[in-house]
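Dear colleague,

I am passing on the structure we spoke about, for you to open beside this message.

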Amino acid sequence: MRLHQLSVTAFGPFVDPAEVDFDALSDAGLFLLSGPTGAGKSSVLDAVCFALYGAVPGDRQHAGRLRSDQAAPDLAPSVTLELSVAGRRLRVTRSPVWDRPKRRGTGTTREQARVSVSEREADGWVPLTGRLDEAGDLLGGLLGMSLDQFCQVALLPQGHFQAFLRADSAARHQLLSRLFRTGRFERVEGWLRDHRLALRRASEQHAHLVADLVSRLSEAASTAVPDGVGELAVSAADGSLVTWARSVGADADARRTSTDEALTEAEQTALRARAAWESARALAAARGRVVEAAEVAQAMKAQASVQADDELRISLARRALAVRPLVRLADERRKALDDVLTDCATTRSEVGRAGLDPDDLAAELERTGEDLATVAALRPFEEHLSSSRKRKEEVEVKVGALDDEEQVALAESEAVAALVAQAEQGAAGTLVTPEAMAAAQQTVEEAERVVAAHLALARLAPQHDAVGVEHDLAVLRVLDARGHELDVRERRIAGMAGELAGALAVGDDCPVCGSLDHPRPAQVLTGHPDVAAERAASRAVVDAQALEHAVAERLRELDAAVTRARADVGDAGDAESDRMRDVARASYDALREGSERHAEHVVQLDAARARAVRLRHDSEVRGARRRELTTALCDLTAEVERLATAVDEARGGHVGLDAAVVELEARRDLLRRAHADASRRDAAVAALEDAELALARAASDAGFADVADARSAELPADELADLELRVRERLSALETARGVLDEPGAGELLAMADPDVPAREEDGRLAEQAVEQLRAAAEHAVRTHRRVHRLDAELSAALTTWAPVRDELALATAVSSFADGKAPDNRLQMRLSAYVLAHRLSQVVAAANARLAQMSDRRYTLEHVAQRGAGERRGGLSLVVRDDWSGESRDPATLSGGESFVVSLALALGLADVVAHEAGGADLQTLFVDEGFGALDAETLDDVLDILDTLRENGRAVGVVSHVAEMRDRIPTQLVVDKARSGSTVRVVG
């Protein structure tokens with residue numbers, strides 16, 4: 001990255017525009033940024049950081065005062081930086097948040113931050129983005145480092161590194177973790193802690209599950225848990241729980257065997273009683289079946305005559321089914337003949353009324369056709385004559401119309417000439433200039449804006465008061481919620497002993513004292529708040545704060561709106577503003593109406609002139625058209641006279657040829673219909689005779705005397721089906737009854753008495769009751785057996801599942817403690833993230849020593865030690881300075897001011913190299929070294945400048961920030977910042 005141009009306006013101490021040409025400074029390689037204290041040397045570096053990241057280093061960003069206090073109130077602050085990065089030439093322009101005066105009225109309004117990023121290409125600067133987020137992503141991606149890393153790599157703030165040199169391990173850990181982004185290792189530490197806690201909770205859940213299974217197994221087997229099995233952790237380890245569970249299972253097996261034997265004996269007794277009952281019931285059923293068959297046979301014998309009549313009706317109806325289609329056919333053809341006879345009578349009547357012979361239709365049809373052909377041959381001549389007469393009339397009408405149009409056109413031409421003169425006079429008298437219209441419109445807008453501000457102020461004032469009251473109430477609710485939260489927290493802390501005692505598990509150690517014995521656990525007091533109550537109180541505070549924040553935002557919005565409205569209102573009152581608006585509107589309306597009338601006159605003038613041109617053209621066209629129509633009219637008159645003579649000779653005795661053709665065609669159609677109806681009548685008579693003959697033959701073949709007998713024998717389909725069903729049911733019942741009575745032993749069954757079935761049934765019921773009682777006992781024993789063995793298996797599985805969790809918990813506890821630096825075998829008490837940072841710190845120390853050896857004349861060497869320093873809880877990031885002249889190592893705090901500067905400068909350069917490599921090897925072609933050179937002697941200053949001179953390799957530009965006079969003598973190229981009451985300025989020297 002190389003800086004080219006920097007331009008600042010109203011930024012920091014720079015009131016007027018100030019420009020820095022870094023290209024001119026970079027030609028010297030090493031340049032000095034000098035100036036008196038407070039002139040704005042650091043503000044130049046702040047402007048570079050603000051252009052790249054939209055923020056400035058350190059605490060100056062939190063002050064929120066980037067705009068110059070001496071700048072004109074309406075002058076916008078801005079920073080423009082041109083740089084080259086990743087082979088691209090970019091220009092970044094940023095403006096911070098600032099308050100500008102309102103354009104109307106008093107007060108200020110907030111202008112938000114803005115950014116613009118452009119890239120220089122062959123045809124000039126091309127905009128890339130104007131969004132803050134997109135600009136941050138673009139520049140951050142190209143630079144490859146954050147603001148903190150950029151400040152450490154490119155700015156080298158010496159005061160910070162002297163503090164870093166003397167800091168303890170915790171402070172170094174905080175800075176290095178921010179620079180080297182070791183958050184992933186801290187997340188690993190957190191994951192290990194969370195994993196250990198999750199495993200502990202899982203182990204406790206397994207313990208609760210085992211305790212629950214032991215209790216359920218004891219309840220299922222109705223057996224108390226013996227002494228020595230209560231401590232779950234010990235029992236799980238020595239196997240006593242498994243032994244007790246197996247003994248409970250053996251007892252359940254014995255109870256199940258005894259109940260099964262008693263149930264088997266009772267079931268045998270019940271089987272014998274059931275067999276006697278089934279035998280008696282079967283005998284009673286057989287006798288009842290024979291008795292029922294005898295009764296059915298007697299009833300069928302009494303209905304023999306009815307059965308014979310029904311069978312005869314069924315036989316006749318079935319023979320009538322064969323004749324039914326022919327009956328339907330004869331009826332349909334008789335109806336068709338009646339319809340045809342009706343049509344024949346109608347057409348014969350019409351033929352007679354037409355004066356034709358209905359009995360000789362063929363001759364009449366032939367004569368009508370001949371007459372129609374004769375008349376049709378004469379029709380073309382008559383049509384041609386009619387068409388010629390019509391065209392002649394049309395031409396005569398057109399000639400007359402042209403004459404009328406010419407008279408009207410002459411009158412209209414005179415009127416149009418008068419309109420042209422009138423429109424020219426009106427357009428000249430109504431001309432309004434655009435400047436006058438614009439000035440009147442601006443006056444109206446100003447007056448309406450004042451009136452709108454009055455209305456807005458009247459509307460916003462009540463809202464502002466109401467929201468102010470609502471904000472006061474919201475603040476009170478926040479205070480009440482905070483008080484309630486503190487009260488709940490204090491009550492929970494006061495009763496924490498009972499809460500901890502309630503969380504104790506059997507076999508687990510006490511979280512307070514570590515003991516495995518809990519002789520007298522504390523009790524939770526009535527109404528003691530738990531974690532849920534504390535969280536609910538915290539949520540109530542958060543909700544109240546959110547509501548208060550929303551109301552406060554609304555109140556600020558209303559404050560801003562009221563301020564804007566008052567600024568727009570100014571000193572004008574409601575009535576005065578309304579009057580000014582009405583006057584402005586009236587003036588503007590008058591000008592607008594004059595302008596509209598002028599436009600109307602111009603439009604009328606253009607239309608009148610165009611109309612006059614069209615009238616002259618139309619008159620010329622009408623003259624040519626009238627000459628054409630006169631010639632055509634002479635030709636049509638001669639043709640009409642010739643065709644009229646020919647048609648009169650060809651018409652003969654007919655009045656009109658078209659009427660004669662229509663009359664002859666109607667007569668021909670009537671004769672054709674009459675002839676067709678006569679043919680249909682003959683066909684219908686023949687079809688009816690055939691159908692009646694076939695019906696008579698079918699009735700005779702079916703055994704009927706005539707067709708009337710066949711029709712009377714028909715039955716509806718549903719009635720016939722019901723009759724057949726009744727006949728079949730009687731025959732089936734009689735046949736079944738005879739079969740039963742013919743069976744062997746039927747006579748003996750009719751003669752014997754009914755067996756005593758209820759007595760046998762009672763004996764079977766008593767036996768079944770005994771079986772059911774024993775079966776219930778057996779099922780209870782089976783359920784107990786199953787439940788005991790199932791719980792035994794679940795207990796064994798739970799113990800098996802718990803074992804690896806206990807082992808994993810032990811492993812996780814050891815690894816987490818080691819990674820957190822709390823394990824006994826972690827001799828340095830060093831966290832994992834600190835170990836990674838220690839490796840980075842060793843790289844920084846190695847890079848720093850490469851320059852410190854030359855700057856200290858090979859006297860001092862930085863050493864990274866892993867042991868804890870004095871007063872430190874953990875080690876890993878301690879630094880000492882080895883004095884090779886004495887051979888002793890000492891704390892950096894013992895160095896003098898000049899020695900501290902030299903060592904911290906070397907440390908800063910080393911850290912810059914490592915951070916640049918960590919950020920992706922960003923090629924920094926411009927960097928700055930901040931204040932601190934005043935504490936060096938001349939010889940040491942020479943060594944330091946030699947080191948800085950080596951940084952200029954590969955075209956790099958190094959800027960040294962200092963106000964020391966000796967530095968101005970040693971570095972000829974300088975960027976001088978001068979301060980004055982009117983603001984600071986910059987200039988290049990050398």
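This is a predicted model: local features need pLDDT of at least 70, side-chain atom pairs count only at pLDDT 80 or more; totals for chains, interfaces and linings use all residues.

Residues are numbered from 1 along each chain as its sequence is written, and side-chain values use heavy atoms, with hydrogens and water left out.

To begin with the sheets, 6 strands form an open sheet in the order 2-1-4-5-8-9, with antiparallel pairing; strands here are DSSP runs of E of at least two residues, and helices are runs of H or I of at least four residues, both numbered from the N terminus, and two strands pair if DSSP finds at least two bridges between them. The edge strands, strand 2 and strand 9 (124-129), each pair on one side only. Strand 1 and strand 2 are joined in the antiparallel sense over 4 bridges, and S7 stands opposite E19 in strand 2. Helix 2 packs on this sheet, touching strand 1, strand 4 (78-85) and strand 5 (88-95), where contact means heavy atoms within 4.5 Å.

A second open sheet has 5 strands in the order 13-14-3-15-16, with mixed pairing. Strand 13 (926-929) and strand 16 (985-989) stand at its edges with a single partner strand each, so one side of each is left without a neighbour in the sheet. Strand 13 runs parallel to strand 14 (residues 957-961), to which 4 bridges join it, and the bridge partner of V929 in strand 14 is V960.

The structure also holds 1 cavity of 30 Å³ or more. A cavity is, on a 1 Å grid over the protein atoms alone, a set of points where a 1.4 Å probe fits but cannot get out, and its lining residues have an atom within 4 Å of a point; grid points are joined across faces, edges and corners, and the volume is the space filled by probe spheres set on the points. The lining of the largest cavity consists of L6, V8, F14, A18, V20, V44 and V986, and strand 1 (2-9) and strand 2 (18-21) each supply at least two of its residues.

Finally, helix 16 (residues 531-569) has 39 residues and reaches 56 Å from its first C-alpha to its last, close to the 57 Å expected at 1.5 Å a residue, the expected span being 1.5 Å times one less than the number of residues. Just after helix 16, G570 takes a positive phi of about 70 degrees.

Best wishes

Definitions and conventions:
On a 1 Å grid over the protein atoms alone, a cavity is a set of points where a 1.4 Å probe fits but cannot get out, and a pocket is an open set with protein on both sides within 12 Å along at least five of seven lines; lining residues have an atom within 4 Å of a point. Axes are lines fitted to C-alpha atoms, for helices over the stretch in contact, and angles run from 0 to 180 degrees between N-to-C directions.
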